Amino acid sequence: MDHSMELERVRVTLSKIGTRPIYAYGQNFLLDRSISRNIASEVPDRFIDNIFEIGPGLGILTKALLARGAKVRAIEKDGILASNLHKIIGPPLNERLEMIRGDAMNIIPGRIKDGNEDVFIVSNLPFNISSRLIGGILDQIIIGGSYPNHFKGGVIMFQEEFANRIISDPGSKTYGRISVMFRSKMDFHEVIKVPRNSFFPIPKVNASVIAFKPKTEFNVIPQDNDIFSKLVHDVFLNRRKKLKNTVNPRSIGIDLGMEDIKWILDDMEITDLRPENLSPDTFITLSNRLFDLA
Ligand code: SAM
């Protein structure tokens, strides 16, 4: 696809406001408006007034959201971009835009944990905060918990490799701790793959957009979310080892002996499997068996 017109527009805007793309801020500006419209269309109507956009940059995504009638709170770390976005977008669209200058990682977790309104995240995410953001969101979601959870979902563009890790299937090379936690807590789908030449400057890798929201229906629920998450964390430290050699009651913090562990693993017929072969539901069931016996 030819992005030359949008590329020219981005170059001119950057030069007008007196800046250049900053690598440390993960600034790769999207050039394809059909992708930004596609992302905006994935936001469910009921969360249209609850959008937090991380890193609006020059506003390609922000504009698509505002054009859909959304109210957008945009958090931008780069002071120059933050102070120019209202002008770049212009009236009347910018009337529903609230700019927040700052680091999203200092703002979003608090809004999810202690805020008093729903949070729906939309972003072409700077690559260096993907893991912290998703890890932080997952940590705050208790499977089956009956507490107010302000995180309602997200439509987020990640580097393709990170996207593949979070949505990985059991048995695949990229299946790991974050895949188990993401799959056990979220419903999701891949919206679109985005080739790397859709950005300026062109990054080293392609991107992928994932839409996700906390699950509401479960096959199994952990009796103790802490044991579940410690178990998953622990066994993936040695992903190539068989479970009989890697489930360690002491580091999970349960009062069981190795014979008890062996008995449970044998009974579940998973003794000789490796962590990468266990589905999220099997991990939950295993954590429940450990909890029951401890
Ligand atoms: N949304 C724009 C687009 O799609 O063209 C820009 C996306 S660019 C990949 C990432 C944006 O996030 C940049 O504008 C960058 O300055 C901003 N950013 C980087 N780290 C951030 C952080 N910790 N909090 C908020 N914004 C951040």
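**Helix α3.** Helix α3 covers residues 60-67, and because six of its eight residues are buried, it is largely enclosed by the rest of the structure. I take helices as DSSP runs of H or I of at least four residues and strands as runs of E of at least two, numbered from the N terminus. Just after α3, I noted that Gly-69 has a positive phi of about 95 degrees.

**Basis of the entries.** The model is predicted: local features need pLDDT of at least 70 and side-chain atom pairs count only at pLDDT 80 or more, whereas totals for chains, interfaces and linings use all residues. Residues are numbered from 1 along each chain as its sequence is written, and side-chain values use heavy atoms, with hydrogens and water left out.

**Gln-27.** I found Gln-27 in the loop between α1 (4-17) and β1 (29-30). Gln-27 is buried, at a relative accessible area of 8%. Its side chain reaches the backbone nitrogen of Ile-22 at 2.8 Å. Leaving aside residues up to four places away in sequence, I listed its contacts (heavy atoms within 4.5 Å): Gln-27 touches Arg-20, Pro-21, Ile-22, Asp-78, Leu-81, Phe-200 and Pro-201.

**Second largest pocket.** I recorded a volume of about 280 Å³ for this pocket. A pocket here is an open set of points on a 1 Å grid over the protein atoms alone, with protein on both sides within 12 Å along at least five of seven lines, and lining residues have an atom within 4 Å of a point. The volume is the space filled by probe spheres set on the points, which are joined across faces, edges and corners.

The lining of the second largest pocket holds 16 residues, with Gly-135, Leu-138, Asp-139, Arg-177 and Met-181 nearest the centre. At least two residues come from each of α6 (130-139), α8 (177-185) and α9 (225-235); α9 gives the largest share, five residues. I also checked the domains, whose bounds come from an automatic or database assignment: domain 1 (4-214) and domain 2 (225-293) each supply at least three lining residues.

**Asp-292.** I placed Asp-292 in helix α12 (residues 280-293). Asp-292 is exposed (over 50%), with a relative accessible area of 52%. Asp-292 and Ile-141 stand 151 residues apart in sequence and 22 Å apart in space, C-alpha to C-alpha.

Definitions and conventions:
On a 1 Å grid over the protein atoms alone, a cavity is a set of points where a 1.4 Å probe fits but cannot get out, and a pocket is an open set with protein on both sides within 12 Å along at least five of seven lines; lining residues have an atom within 4 Å of a point. Buried means under 20% relative accessible area, exposed over 50%, partly exposed in between (1.4 Å probe, protein chains only). A polar contact is a pair of N or O atoms within 3.5 Å; within protein, one must be able to donate a hydrogen and the other to accept it, and residues adjacent in sequence count only if both atoms are side-chain atoms.
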